[in-house]
Amino acid sequence: MSLNDLLVNLNLIMPITILTAWACVLLLVDLFIPKERKGITALLAALGLLVALALVISRAGVATSAFNGMIMIDGFATFMSVIFLFSGLAGIAVAYDYLIRSGIERGEYYVLLLFSIVGMMLMAAAADLIMVFLALELLSIPLYVLAGIAVPRPDSEEAALKYFLLGAFASGFFLYGTALVYGATGSTALTEIVSATTSGGVNLSFLVIGAGLILVGLGFKVAVVPFHMWTPDVYQGAPSSVTAFMAVGAKAAGFAALLRIFVLAFPPLAMDLTPVLWALAAFTMIIGNVIAIAQRNIKRMLAYSSIAHAGYIMMALVPYGQGNVAADTVASALFYLLAYMLTSFAAWAVVIALEHNMGEGRDTDGLSLEDYSGLGQKQPALAAAMTVAMLSFIGIPPTLGFVGKFYLLRTVIEGGFPGLALIGLLTSLVSAYYYLRVVVYMYMRDGEPVVRREPWLYFTALATAVGVVVLSIFSEPLFNWASQAVLKLI
Amino acid sequence: MVPIQYFIGLSAILFTIGILGVLIRRNAIIIFMSVELMLNSANLAFITFARMYQSLDGQVFVFFVMAVAAAEVAVGLALIVAIFRNKQSIDVDQINSLHG
(Lines give C-alpha, C1' and ligand atoms only; values in the text may rest on other atoms or scores of the structure.)
Protein backbone atom coordinates (compact mmCIF):
# COMPACT_ATOMS: atom_id res chain seq x y z
CA MET A 1 0.00 0.00 0.00
CA SER A 2 1.57 3.25 -1.11
CA LEU A 3 1.38 6.43 0.88
CA ASN A 4 -1.25 7.73 -1.50
CA ASP A 5 -3.44 4.67 -0.94
CA LEU A 6 -3.07 5.15 2.77
CA LEU A 7 -4.23 8.75 2.53
CA VAL A 8 -7.19 7.76 0.36
CA ASN A 9 -8.20 5.12 2.88
CA LEU A 10 -7.73 7.43 5.85
CA ASN A 11 -9.95 9.90 4.04
CA LEU A 12 -12.62 7.25 3.61
CA ILE A 13 -12.81 6.79 7.37
CA MET A 14 -12.37 10.50 8.06
CA PRO A 15 -14.52 10.74 11.23
CA ILE A 16 -12.47 7.97 12.84
CA THR A 17 -9.18 9.44 11.61
CA ILE A 18 -10.02 12.86 12.98
CA LEU A 19 -11.18 11.53 16.31
CA THR A 20 -8.03 9.44 16.74
CA ALA A 21 -5.75 12.32 15.87
CA TRP A 22 -7.75 14.66 18.10
CA ALA A 23 -7.50 12.28 21.03
CA CYS A 24 -3.71 12.06 20.60
CA VAL A 25 -3.39 15.84 20.35
CA LEU A 26 -5.64 16.33 23.34
CA LEU A 27 -3.43 14.06 25.41
CA LEU A 28 -0.60 16.53 24.86
CA VAL A 29 -2.70 19.69 25.10
CA ASP A 30 -4.05 18.49 28.41
CA LEU A 31 -0.56 18.75 29.90
CA PHE A 32 -0.69 22.52 29.50
CA ILE A 33 -4.13 22.97 31.01
CA PRO A 34 -3.98 23.87 34.70
CA LYS A 35 -5.36 21.34 37.13
CA GLU A 36 -8.35 23.39 38.22
CA ARG A 37 -9.47 24.14 34.67
CA LYS A 38 -9.90 20.65 33.21
CA GLY A 39 -13.26 21.81 31.92
CA ILE A 40 -11.31 23.04 28.92
CA THR A 41 -10.28 19.48 28.11
CA ALA A 42 -13.90 18.38 28.41
CA LEU A 43 -14.95 21.15 26.06
CA LEU A 44 -12.25 20.30 23.52
CA ALA A 45 -13.17 16.62 23.65
CA ALA A 46 -16.82 17.46 23.09
CA LEU A 47 -15.78 19.68 20.19
CA GLY A 48 -13.93 16.77 18.59
CA LEU A 49 -17.00 14.57 18.98
CA LEU A 50 -19.20 17.24 17.39
CA VAL A 51 -16.88 17.58 14.41
CA ALA A 52 -16.85 13.80 13.97
CA LEU A 53 -20.63 13.74 14.29
CA ALA A 54 -21.01 16.40 11.60
CA LEU A 55 -18.67 14.45 9.31
CA VAL A 56 -20.52 11.18 9.90
CA ILE A 57 -23.86 12.78 9.12
CA SER A 58 -22.57 14.65 6.07
CA ARG A 59 -21.30 11.35 4.70
CA ALA A 60 -24.46 9.38 5.40
CA GLY A 61 -25.55 7.41 2.37
CA VAL A 62 -22.02 6.61 1.27
CA ALA A 63 -21.40 2.89 1.02
CA THR A 64 -17.85 1.83 0.42
CA SER A 65 -15.07 -0.26 1.89
CA ALA A 66 -11.63 0.81 2.98
CA PHE A 67 -8.31 -0.82 3.83
CA ASN A 68 -8.72 -3.81 1.51
CA GLY A 69 -12.17 -4.59 2.79
CA MET A 70 -11.14 -4.58 6.46
CA ILE A 71 -13.54 -1.70 7.10
CA MET A 72 -16.99 -1.13 5.68
CA ILE A 73 -18.47 2.35 5.64
CA ASP A 74 -22.20 1.84 5.19
CA GLY A 75 -25.56 2.81 6.61
CA PHE A 76 -25.06 0.44 9.52
CA ALA A 77 -21.73 1.97 10.51
CA THR A 78 -23.20 5.45 10.13
CA PHE A 79 -26.20 4.71 12.34
CA MET A 80 -24.07 3.11 15.04
CA SER A 81 -21.49 5.92 14.86
CA VAL A 82 -24.22 8.44 15.53
CA ILE A 83 -25.26 6.44 18.60
CA PHE A 84 -21.66 6.22 19.86
CA LEU A 85 -20.94 9.90 19.30
CA PHE A 86 -24.12 10.93 21.07
CA SER A 87 -23.32 8.67 24.00
CA GLY A 88 -19.84 10.20 24.03
CA LEU A 89 -21.32 13.69 24.26
CA ALA A 90 -23.77 12.62 26.95
CA GLY A 91 -20.92 10.79 28.70
CA ILE A 92 -18.93 14.00 28.90
CA ALA A 93 -21.96 16.02 29.99
CA VAL A 94 -22.77 13.74 32.91
CA ALA A 95 -19.11 13.39 33.87
CA TYR A 96 -18.06 17.02 34.05
CA ASP A 97 -19.56 18.15 37.35
CA TYR A 98 -19.57 14.67 38.83
CA LEU A 99 -15.80 14.30 38.47
CA ILE A 100 -15.18 17.65 40.15
CA ARG A 101 -17.37 16.92 43.14
CA SER A 102 -15.97 13.40 43.52
CA GLY A 103 -12.46 14.82 43.46
CA ILE A 104 -11.38 12.61 40.56
CA GLU A 105 -11.23 15.19 37.80
CA ARG A 106 -8.43 14.35 35.41
CA GLY A 107 -7.89 15.41 31.82
CA GLU A 108 -7.14 11.83 30.82
CA TYR A 109 -10.74 10.94 31.54
CA TYR A 110 -11.95 12.70 28.41
CA VAL A 111 -9.08 11.47 26.27
CA LEU A 112 -9.73 7.86 27.26
CA LEU A 113 -13.39 8.40 26.49
CA LEU A 114 -12.45 9.55 22.98
CA PHE A 115 -10.23 6.53 22.39
CA SER A 116 -12.98 4.25 23.55
CA ILE A 117 -15.40 5.86 21.11
CA VAL A 118 -12.90 5.41 18.28
CA GLY A 119 -12.84 1.72 19.17
CA MET A 120 -16.64 1.57 19.13
CA MET A 121 -16.88 3.27 15.74
CA LEU A 122 -14.28 0.91 14.30
CA MET A 123 -16.17 -2.00 15.78
CA ALA A 124 -19.36 -1.02 13.95
CA ALA A 125 -17.41 -0.55 10.71
CA ALA A 126 -15.17 -3.61 10.95
CA ALA A 127 -15.66 -6.20 8.23
CA ASP A 128 -12.90 -8.54 9.30
CA LEU A 129 -12.68 -10.57 12.49
CA ILE A 130 -9.19 -9.33 13.26
CA MET A 131 -10.40 -5.76 12.84
CA VAL A 132 -13.25 -6.54 15.23
CA PHE A 133 -10.74 -7.89 17.74
CA LEU A 134 -8.54 -4.80 17.54
CA ALA A 135 -11.56 -2.51 17.82
CA LEU A 136 -12.84 -4.54 20.78
CA GLU A 137 -9.56 -4.04 22.60
CA LEU A 138 -9.38 -0.38 21.67
CA LEU A 139 -12.77 0.21 23.21
CA SER A 140 -12.20 -2.04 26.23
CA ILE A 141 -8.76 -1.04 27.46
CA PRO A 142 -9.68 2.65 27.99
CA LEU A 143 -12.83 1.47 29.75
CA TYR A 144 -10.80 -0.69 32.16
CA VAL A 145 -8.79 2.39 33.05
CA LEU A 146 -11.89 4.58 33.30
CA ALA A 147 -13.57 2.10 35.66
CA GLY A 148 -10.57 2.44 37.96
CA ILE A 149 -10.09 6.19 37.57
CA ALA A 150 -11.27 6.87 41.12
CA VAL A 151 -8.16 5.13 42.47
CA PRO A 152 -7.40 4.76 45.40
CA ARG A 153 -11.11 4.26 46.17
CA PRO A 154 -11.32 0.50 46.78
CA ASP A 155 -14.65 -0.10 45.05
CA SER A 156 -13.47 1.60 41.88
CA GLU A 157 -10.25 -0.43 41.87
CA GLU A 158 -12.17 -3.59 42.47
CA ALA A 159 -14.57 -2.83 39.64
CA ALA A 160 -11.66 -2.10 37.31
CA LEU A 161 -9.89 -5.36 38.18
CA LYS A 162 -13.03 -7.43 37.75
CA TYR A 163 -13.87 -5.74 34.48
CA PHE A 164 -10.32 -6.16 33.28
CA LEU A 165 -9.93 -9.84 34.16
CA LEU A 166 -13.29 -10.87 32.72
CA GLY A 167 -12.89 -8.60 29.71
CA ALA A 168 -9.51 -10.10 28.90
CA PHE A 169 -10.95 -13.58 29.48
CA ALA A 170 -13.70 -12.77 26.97
CA SER A 171 -11.14 -11.47 24.47
CA GLY A 172 -9.37 -14.81 24.75
CA PHE A 173 -12.58 -16.61 23.74
CA PHE A 174 -13.18 -14.21 20.89
CA LEU A 175 -9.64 -14.59 19.60
CA TYR A 176 -9.63 -18.37 19.74
CA GLY A 177 -12.96 -18.40 17.94
CA THR A 178 -11.45 -16.17 15.27
CA ALA A 179 -8.50 -18.53 14.92
CA LEU A 180 -10.83 -21.50 14.45
CA VAL A 181 -12.93 -19.66 11.87
CA TYR A 182 -9.73 -18.74 10.08
CA GLY A 183 -8.69 -22.36 10.19
CA ALA A 184 -12.02 -23.55 8.82
CA THR A 185 -12.39 -21.03 5.99
CA GLY A 186 -8.88 -19.72 5.31
CA SER A 187 -9.89 -16.12 5.88
CA THR A 188 -11.08 -13.74 8.57
CA ALA A 189 -12.87 -11.39 6.18
CA LEU A 190 -16.62 -11.69 6.73
CA THR A 191 -17.37 -11.79 3.00
CA GLU A 192 -14.87 -14.57 2.36
CA ILE A 193 -16.04 -16.57 5.36
CA VAL A 194 -19.54 -16.73 3.95
CA SER A 195 -18.43 -17.47 0.39
CA ALA A 196 -16.10 -20.23 1.59
CA THR A 197 -18.90 -21.70 3.70
CA THR A 198 -21.47 -21.72 0.91
CA SER A 199 -19.03 -23.16 -1.63
CA GLY A 200 -18.42 -26.07 0.71
CA GLY A 201 -15.18 -27.80 1.60
CA VAL A 202 -14.82 -26.07 4.97
CA ASN A 203 -14.31 -27.85 8.25
CA LEU A 204 -17.80 -27.35 9.65
CA SER A 205 -17.04 -28.41 13.21
CA PHE A 206 -14.22 -25.85 13.46
CA LEU A 207 -16.49 -23.21 11.99
CA VAL A 208 -19.37 -23.90 14.39
CA ILE A 209 -17.12 -24.06 17.45
CA GLY A 210 -15.37 -20.89 16.29
CA ALA A 211 -18.69 -19.09 15.84
CA GLY A 212 -19.73 -20.31 19.30
CA LEU A 213 -16.55 -18.98 20.90
CA ILE A 214 -17.02 -15.63 19.14
CA LEU A 215 -20.54 -15.55 20.55
CA VAL A 216 -19.18 -16.23 24.04
CA GLY A 217 -16.57 -13.49 23.71
CA LEU A 218 -19.06 -10.88 22.57
CA GLY A 219 -21.66 -12.23 25.00
CA PHE A 220 -19.38 -11.19 27.85
CA LYS A 221 -19.12 -7.68 26.38
CA VAL A 222 -22.86 -7.16 26.02
CA ALA A 223 -23.54 -9.02 29.29
CA VAL A 224 -25.95 -11.80 28.37
CA VAL A 225 -26.64 -14.58 30.86
CA PRO A 226 -24.58 -16.70 31.69
CA PHE A 227 -21.73 -14.28 30.93
CA HIS A 228 -23.10 -11.44 33.03
CA MET A 229 -21.51 -12.08 36.45
CA TRP A 230 -19.19 -9.10 36.23
CA THR A 231 -21.87 -6.57 35.31
CA PRO A 232 -23.47 -5.70 38.68
CA ASP A 233 -20.14 -5.40 40.50
CA VAL A 234 -18.50 -3.35 37.79
CA TYR A 235 -21.50 -1.07 37.30
CA GLN A 236 -21.75 -0.51 41.03
CA GLY A 237 -18.07 0.03 41.72
CA ALA A 238 -17.11 2.17 38.76
CA PRO A 239 -17.68 5.94 39.02
CA SER A 240 -21.30 6.52 37.95
CA SER A 241 -20.40 8.67 34.96
CA VAL A 242 -18.22 5.85 33.63
CA THR A 243 -20.98 3.33 34.27
CA ALA A 244 -23.46 5.46 32.32
CA PHE A 245 -21.15 5.59 29.33
CA MET A 246 -20.14 1.94 29.60
CA ALA A 247 -23.72 0.70 29.93
CA VAL A 248 -24.61 2.29 26.62
CA GLY A 249 -21.43 2.43 24.58
CA ALA A 250 -19.86 -0.95 25.27
CA LYS A 251 -23.17 -2.74 24.95
CA ALA A 252 -24.08 -1.01 21.68
CA ALA A 253 -20.63 -1.73 20.27
CA GLY A 254 -20.86 -5.38 21.25
CA PHE A 255 -24.20 -5.70 19.54
CA ALA A 256 -22.90 -3.86 16.47
CA ALA A 257 -20.20 -6.50 16.12
CA LEU A 258 -22.61 -9.37 16.85
CA LEU A 259 -25.09 -8.12 14.26
CA ARG A 260 -22.51 -7.57 11.57
CA ILE A 261 -20.68 -10.85 12.11
CA PHE A 262 -23.78 -13.00 12.39
CA VAL A 263 -25.86 -11.40 9.66
CA LEU A 264 -22.99 -11.18 7.17
CA ALA A 265 -20.83 -14.19 7.86
CA PHE A 266 -22.82 -16.84 9.68
CA PRO A 267 -26.23 -17.23 7.99
CA PRO A 268 -25.22 -20.71 6.73
CA LEU A 269 -24.80 -21.76 10.38
CA ALA A 270 -28.27 -20.56 11.41
CA MET A 271 -29.44 -24.14 11.96
CA ASP A 272 -26.85 -24.65 14.68
CA LEU A 273 -26.74 -21.17 16.19
CA THR A 274 -30.41 -20.18 16.34
CA PRO A 275 -31.29 -22.50 19.27
CA VAL A 276 -28.26 -21.19 21.18
CA LEU A 277 -29.28 -17.58 20.58
CA TRP A 278 -32.85 -18.44 21.57
CA ALA A 279 -31.71 -19.88 24.89
CA LEU A 280 -29.32 -16.99 25.59
CA ALA A 281 -32.04 -14.41 24.91
CA ALA A 282 -34.63 -16.23 27.01
CA PHE A 283 -32.35 -16.79 30.02
CA THR A 284 -31.02 -13.25 29.86
CA MET A 285 -34.48 -11.71 29.91
CA ILE A 286 -35.72 -13.96 32.70
CA ILE A 287 -32.69 -13.87 35.00
CA GLY A 288 -31.90 -10.18 34.45
CA ASN A 289 -35.42 -9.08 35.28
CA VAL A 290 -36.00 -11.45 38.19
CA ILE A 291 -32.77 -10.62 40.01
CA ALA A 292 -33.32 -6.89 39.46
CA ILE A 293 -36.41 -7.15 41.68
CA ALA A 294 -34.27 -7.92 44.71
CA GLN A 295 -31.94 -4.93 44.28
CA ARG A 296 -32.20 -1.96 46.63
CA ASN A 297 -29.13 -0.19 45.26
CA ILE A 298 -30.12 1.81 42.20
CA LYS A 299 -26.83 1.21 40.38
CA ARG A 300 -27.14 -2.55 40.82
CA MET A 301 -30.77 -2.41 39.78
CA LEU A 302 -29.87 -0.57 36.59
CA ALA A 303 -27.05 -3.07 36.01
CA TYR A 304 -29.50 -5.98 36.07
CA SER A 305 -31.88 -3.93 33.98
CA SER A 306 -29.11 -3.48 31.40
CA ILE A 307 -28.60 -7.26 31.41
CA ALA A 308 -32.31 -7.73 30.77
CA HIS A 309 -32.20 -5.25 27.91
CA ALA A 310 -29.29 -7.12 26.37
CA GLY A 311 -31.69 -10.07 26.36
CA TYR A 312 -34.35 -8.09 24.53
CA ILE A 313 -31.90 -7.01 21.84
CA MET A 314 -30.54 -10.57 21.64
CA MET A 315 -34.10 -11.61 20.88
CA ALA A 316 -33.95 -9.75 17.56
CA LEU A 317 -30.84 -11.69 16.63
CA VAL A 318 -32.54 -15.08 16.91
CA PRO A 319 -34.12 -15.12 13.41
CA TYR A 320 -30.97 -13.63 11.82
CA GLY A 321 -30.55 -16.53 9.41
CA GLN A 322 -33.88 -16.10 7.60
CA GLY A 323 -33.21 -13.97 4.54
CA ASN A 324 -36.53 -12.11 4.62
CA VAL A 325 -36.43 -11.32 8.34
CA ALA A 326 -32.72 -10.54 8.62
CA ALA A 327 -33.32 -6.96 7.45
CA ASP A 328 -35.86 -6.45 10.23
CA THR A 329 -33.48 -8.04 12.70
CA VAL A 330 -30.89 -5.38 12.06
CA ALA A 331 -33.37 -2.50 11.84
CA SER A 332 -35.22 -3.37 15.05
CA ALA A 333 -32.00 -4.00 16.98
CA LEU A 334 -30.56 -0.67 15.85
CA PHE A 335 -33.77 1.13 16.73
CA TYR A 336 -33.84 -0.47 20.16
CA LEU A 337 -30.21 0.47 20.78
CA LEU A 338 -31.11 4.09 20.01
CA ALA A 339 -34.06 3.94 22.39
CA TYR A 340 -31.91 2.25 25.02
CA MET A 341 -29.21 4.90 24.67
CA LEU A 342 -31.58 7.83 25.30
CA THR A 343 -33.50 6.09 28.08
CA SER A 344 -30.38 4.90 29.81
CA PHE A 345 -28.74 8.31 29.86
CA ALA A 346 -31.91 9.90 31.23
CA ALA A 347 -31.91 7.40 34.11
CA TRP A 348 -28.18 7.59 34.80
CA ALA A 349 -28.13 11.39 34.74
CA VAL A 350 -30.73 11.40 37.53
CA VAL A 351 -28.78 8.76 39.44
CA ILE A 352 -25.63 10.86 39.19
CA ALA A 353 -27.51 13.99 40.27
CA LEU A 354 -28.63 12.22 43.45
CA GLU A 355 -25.35 10.54 44.26
CA HIS A 356 -23.25 12.23 46.91
CA ASN A 357 -20.29 11.36 49.02
CA MET A 358 -20.99 9.83 52.38
CA GLY A 359 -20.44 12.05 55.35
CA GLU A 360 -21.65 15.30 53.83
CA GLY A 361 -24.21 15.61 56.60
CA ARG A 362 -25.78 12.36 55.43
CA ASP A 363 -25.11 8.76 56.24
CA THR A 364 -26.13 7.55 52.79
CA ASP A 365 -24.49 7.81 49.41
CA GLY A 366 -27.70 8.64 47.59
CA LEU A 367 -27.76 5.35 45.75
CA SER A 368 -30.40 3.36 47.60
CA LEU A 369 -34.08 3.44 46.72
CA GLU A 370 -34.94 5.28 49.95
CA ASP A 371 -32.85 8.23 48.82
CA TYR A 372 -35.38 8.80 46.04
CA SER A 373 -38.21 9.43 48.50
CA GLY A 374 -39.76 12.82 47.98
CA LEU A 375 -37.92 13.61 44.77
CA GLY A 376 -41.25 14.32 43.10
CA GLN A 377 -41.88 17.33 45.36
CA LYS A 378 -38.33 18.56 45.71
CA GLN A 379 -37.19 18.26 42.08
CA PRO A 380 -40.19 17.73 39.83
CA ALA A 381 -38.11 18.03 36.65
CA LEU A 382 -35.62 15.32 37.61
CA ALA A 383 -38.40 13.10 38.94
CA ALA A 384 -40.26 13.50 35.65
CA ALA A 385 -37.15 12.58 33.67
CA MET A 386 -36.65 9.48 35.83
CA THR A 387 -40.30 8.53 35.41
CA VAL A 388 -40.05 8.82 31.64
CA ALA A 389 -36.92 6.66 31.71
CA MET A 390 -38.57 4.00 33.86
CA LEU A 391 -41.68 3.93 31.62
CA SER A 392 -39.47 3.63 28.57
CA PHE A 393 -37.50 0.77 30.14
CA ILE A 394 -40.76 -1.07 30.82
CA GLY A 395 -42.06 -0.27 27.35
CA ILE A 396 -45.13 1.84 28.09
CA PRO A 397 -46.30 4.37 25.47
CA PRO A 398 -45.68 7.17 24.64
CA THR A 399 -41.99 6.41 24.93
CA LEU A 400 -39.29 5.22 22.58
CA GLY A 401 -38.89 2.07 24.66
CA PHE A 402 -42.43 1.03 23.76
CA VAL A 403 -41.90 1.52 20.04
CA GLY A 404 -38.55 -0.25 20.20
CA LYS A 405 -40.00 -3.23 22.01
CA PHE A 406 -42.88 -3.34 19.55
CA TYR A 407 -40.48 -3.63 16.61
CA LEU A 408 -38.39 -6.23 18.43
CA LEU A 409 -41.39 -8.41 19.20
CA ARG A 410 -42.69 -8.02 15.66
CA THR A 411 -39.35 -9.23 14.29
CA VAL A 412 -39.34 -12.22 16.59
CA ILE A 413 -42.91 -13.19 15.67
CA GLU A 414 -42.21 -12.73 11.95
CA GLY A 415 -39.22 -15.01 12.42
CA GLY A 416 -41.52 -17.68 13.80
CA PHE A 417 -40.61 -17.64 17.48
CA PRO A 418 -43.85 -16.69 19.26
CA GLY A 419 -42.68 -18.48 22.41
CA LEU A 420 -39.70 -16.17 22.74
CA ALA A 421 -41.87 -13.13 22.09
CA LEU A 422 -44.16 -14.30 24.89
CA ILE A 423 -41.20 -14.58 27.27
CA GLY A 424 -40.18 -11.06 26.26
CA LEU A 425 -43.65 -9.76 26.96
CA LEU A 426 -44.02 -11.51 30.31
CA THR A 427 -40.60 -10.45 31.56
CA SER A 428 -41.47 -6.86 30.60
CA LEU A 429 -44.49 -7.18 32.87
CA VAL A 430 -42.27 -8.46 35.66
CA SER A 431 -39.86 -5.59 35.12
CA ALA A 432 -42.69 -3.10 35.64
CA TYR A 433 -42.56 -4.02 39.33
CA TYR A 434 -39.05 -2.82 40.03
CA TYR A 435 -39.12 0.13 37.63
CA LEU A 436 -42.40 1.45 38.99
CA ARG A 437 -41.11 0.99 42.54
CA VAL A 438 -38.69 3.83 41.85
CA VAL A 439 -41.59 5.99 40.67
CA VAL A 440 -43.57 5.10 43.78
CA TYR A 441 -40.66 6.11 46.01
CA MET A 442 -40.27 9.41 44.16
CA TYR A 443 -43.90 10.49 44.33
CA MET A 444 -45.55 8.67 47.19
CA ARG A 445 -42.99 8.74 49.96
CA ASP A 446 -41.88 11.75 51.89
CA GLY A 447 -38.24 12.51 52.16
CA GLU A 448 -35.55 15.07 51.82
CA PRO A 449 -33.44 13.97 48.88
CA VAL A 450 -30.05 15.59 48.47
CA VAL A 451 -29.84 16.85 44.92
CA ARG A 452 -27.16 18.82 43.17
CA ARG A 453 -28.05 21.65 40.88
CA GLU A 454 -25.61 20.99 38.11
CA PRO A 455 -26.60 22.44 34.75
CA TRP A 456 -25.12 19.75 32.50
CA LEU A 457 -26.65 16.92 34.47
CA TYR A 458 -30.05 18.62 34.35
CA PHE A 459 -29.64 19.29 30.67
CA THR A 460 -28.74 15.67 29.89
CA ALA A 461 -31.53 14.23 31.98
CA LEU A 462 -34.17 16.51 30.53
CA ALA A 463 -32.96 16.47 26.93
CA THR A 464 -32.80 12.68 26.77
CA ALA A 465 -36.15 12.31 28.54
CA VAL A 466 -37.77 14.76 26.13
CA GLY A 467 -36.08 12.90 23.28
CA VAL A 468 -37.53 9.61 24.49
CA VAL A 469 -41.05 11.03 24.38
CA VAL A 470 -40.84 13.24 21.30
CA LEU A 471 -38.98 10.76 19.11
CA SER A 472 -41.57 8.11 19.92
CA ILE A 473 -44.09 10.28 18.08
CA PHE A 474 -41.80 10.47 15.05
CA SER A 475 -40.70 6.87 15.31
CA GLU A 476 -41.74 6.00 11.76
CA PRO A 477 -39.02 8.00 9.92
CA LEU A 478 -36.53 6.94 12.57
CA PHE A 479 -37.30 3.30 11.94
CA ASN A 480 -37.04 3.85 8.20
CA TRP A 481 -33.61 5.33 8.75
CA ALA A 482 -32.65 2.24 10.73
CA SER A 483 -34.06 0.05 7.95
CA GLN A 484 -31.77 1.71 5.45
CA ALA A 485 -28.87 0.59 7.59
CA VAL A 486 -29.46 -2.98 6.53
CA LEU A 487 -26.28 -4.95 6.16
CA LYS A 488 -25.23 -5.77 2.65
CA LEU A 489 -22.09 -7.26 1.26
CA ILE A 490 -20.19 -4.62 -0.65
CA MET B 1 7.13 -32.52 9.21
CA VAL B 2 4.95 -32.53 12.30
CA PRO B 3 1.29 -32.97 11.28
CA ILE B 4 -1.07 -30.00 11.65
CA GLN B 5 -3.30 -31.90 14.06
CA TYR B 6 -0.59 -31.96 16.70
CA PHE B 7 -0.27 -28.19 16.72
CA ILE B 8 -4.02 -27.72 16.85
CA GLY B 9 -4.26 -30.28 19.61
CA LEU B 10 -1.57 -28.50 21.59
CA SER B 11 -3.24 -25.13 21.14
CA ALA B 12 -6.58 -26.58 22.25
CA ILE B 13 -4.91 -28.03 25.35
CA LEU B 14 -3.22 -24.71 26.15
CA PHE B 15 -6.53 -22.90 25.67
CA THR B 16 -8.26 -25.29 28.05
CA ILE B 17 -5.50 -24.90 30.64
CA GLY B 18 -5.94 -21.15 30.31
CA ILE B 19 -9.70 -21.34 30.92
CA LEU B 20 -9.26 -23.66 33.88
CA GLY B 21 -6.58 -21.38 35.30
CA VAL B 22 -8.91 -18.39 35.15
CA LEU B 23 -11.74 -20.31 36.75
CA ILE B 24 -9.78 -22.16 39.44
CA ARG B 25 -6.85 -20.02 40.54
CA ARG B 26 -7.49 -17.14 42.96
CA ASN B 27 -4.35 -15.05 42.56
CA ALA B 28 -4.99 -12.12 40.25
CA ILE B 29 -1.60 -12.40 38.59
CA ILE B 30 -1.99 -16.11 37.90
CA ILE B 31 -5.47 -15.49 36.50
CA PHE B 32 -3.95 -12.87 34.28
CA MET B 33 -1.19 -15.28 33.17
CA SER B 34 -3.88 -17.81 32.30
CA VAL B 35 -5.60 -15.21 30.12
CA GLU B 36 -2.29 -14.61 28.35
CA LEU B 37 -2.01 -18.36 27.84
CA MET B 38 -5.40 -18.29 26.12
CA LEU B 39 -4.25 -15.51 23.80
CA ASN B 40 -1.05 -17.37 23.02
CA SER B 41 -2.87 -20.60 22.30
CA ALA B 42 -4.86 -18.63 19.73
CA ASN B 43 -1.56 -17.35 18.33
CA LEU B 44 -0.34 -20.90 17.94
CA ALA B 45 -3.53 -21.82 16.14
CA PHE B 46 -3.16 -18.80 13.85
CA ILE B 47 0.38 -19.75 12.90
CA THR B 48 -0.57 -23.36 12.33
CA PHE B 49 -3.43 -22.45 10.02
CA ALA B 50 -1.24 -19.91 8.25
CA ARG B 51 1.18 -22.73 7.45
CA MET B 52 -1.65 -25.00 6.41
CA TYR B 53 -2.98 -22.42 3.95
CA GLN B 54 0.50 -21.25 2.97
CA SER B 55 -0.62 -17.66 3.57
CA LEU B 56 0.96 -14.90 5.59
CA ASP B 57 -2.31 -13.50 6.99
CA GLY B 58 -2.31 -15.69 10.05
CA GLN B 59 1.23 -14.78 10.94
CA VAL B 60 0.47 -11.07 10.68
CA PHE B 61 -2.48 -11.48 13.04
CA VAL B 62 -0.12 -12.83 15.65
CA PHE B 63 1.75 -9.54 15.68
CA PHE B 64 -1.50 -7.68 16.25
CA VAL B 65 -2.38 -10.00 19.08
CA MET B 66 1.03 -9.61 20.70
CA ALA B 67 0.72 -5.82 20.56
CA VAL B 68 -2.74 -5.96 22.11
CA ALA B 69 -1.54 -8.37 24.80
CA ALA B 70 1.29 -5.98 25.68
CA ALA B 71 -1.21 -3.12 26.05
CA GLU B 72 -3.35 -5.30 28.29
CA VAL B 73 -0.36 -6.18 30.45
CA ALA B 74 0.37 -2.51 31.00
CA VAL B 75 -3.15 -1.79 32.20
CA GLY B 76 -3.61 -5.05 34.07
CA LEU B 77 -0.41 -4.94 36.09
CA ALA B 78 -1.03 -1.29 36.97
CA LEU B 79 -4.45 -2.22 38.33
CA ILE B 80 -3.07 -5.17 40.27
CA VAL B 81 -0.34 -3.00 41.82
CA ALA B 82 -2.92 -0.36 42.79
CA ILE B 83 -5.04 -3.02 44.50
CA PHE B 84 -2.06 -4.52 46.26
CA ARG B 85 -1.17 -1.11 47.71
CA ASN B 86 -4.66 -0.83 49.14
CA LYS B 87 -5.24 -4.34 50.41
CA GLN B 88 -1.81 -5.90 50.71
CA SER B 89 -3.28 -8.85 48.83
CA ILE B 90 -4.23 -9.78 45.30
CA ASP B 91 -6.37 -12.75 46.19
CA VAL B 92 -9.58 -12.26 44.21
CA ASP B 93 -11.63 -13.89 46.97
CA GLN B 94 -10.66 -11.07 49.29
CA ILE B 95 -11.60 -8.46 46.71
CA ASN B 96 -15.28 -8.61 47.53
CA SER B 97 -16.48 -5.29 48.84
CA LEU B 98 -19.14 -5.08 46.10
CA HIS B 99 -22.27 -7.14 46.54
CA GLY B 100 -26.02 -6.81 46.37
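Predicted model: local features only at pLDDT ≥ 70, side-chain atom pairs only at ≥ 80, totals over all residues.

Trainee: How is a pair of aromatic rings described?

Mentor: A pair of aromatic rings is described by the distance of the centres and the angle of the planes. Over all chains, this structure holds 29 aromatic pairs. One of them joins Phe173(A) and Phe220(A): the ring centres are 6.4 Å apart and the planes meet at 25°, so the pair is stacked, the cut-off for stacking being under 30 degrees.

Trainee: Which parts of chain A does the pair of Phe173(A) and Phe220(A) tie together?

Mentor: Phe173(A) belongs to helix H7 (residues 154–185) and Phe220(A) to helix H9 (residues 204–222), so the pair ties together parts that are 47 residues apart in sequence. Both Phe173(A) and Phe220(A) are buried.

Mentor: A further stacked pair is that of Phe393(A) and Tyr435(A), with 5.3 Å from centre to centre and 20° between the planes. Phe393(A) lies in helix H16 (residues 380–394) of chain A and Tyr435(A) in helix H18 (residues 418–444) of chain A, 42 residues apart.

Trainee: Is Phe393(A) buried or exposed, and what of Tyr435(A)?

Mentor: Phe393(A) has 3% relative accessibility, so this residue counts as buried. Tyr435(A), with a relative accessible area of 1%, is buried.

Trainee: Which residues form one aromatic cluster?

Mentor: The cluster consists of Tyr144(A), Tyr163(A), Phe164(A), Trp230(A), Tyr235(A) and Phe32(B).

Trainee: Where does the charged end of Lys405(A) sit?

Mentor: The charged end of Lys405(A) sits over the ring of Tyr312(A), 4.2 Å from the ring's centre. Arg445(A) lies over the face of Tyr441(A), 4.3 Å from the ring centre.

Key
Residues numbered from 1 in each chain as written. Chains lettered and ligands numbered in written order. Heavy atoms only, no water. Phe/Tyr/Trp six-rings, centres within 6.5 Å; stacked < 30°, edge-to-face > 60°. Helix = DSSP H or I, 4+ residues; strand = E, 2+ residues; numbered from the N terminus. Buried < 20%, exposed > 50% of the residue type's maximum accessible area, 1.4 Å probe, protein only. Lys NZ or Arg CZ within 6 Å of the ring centre and 35° of its normal.
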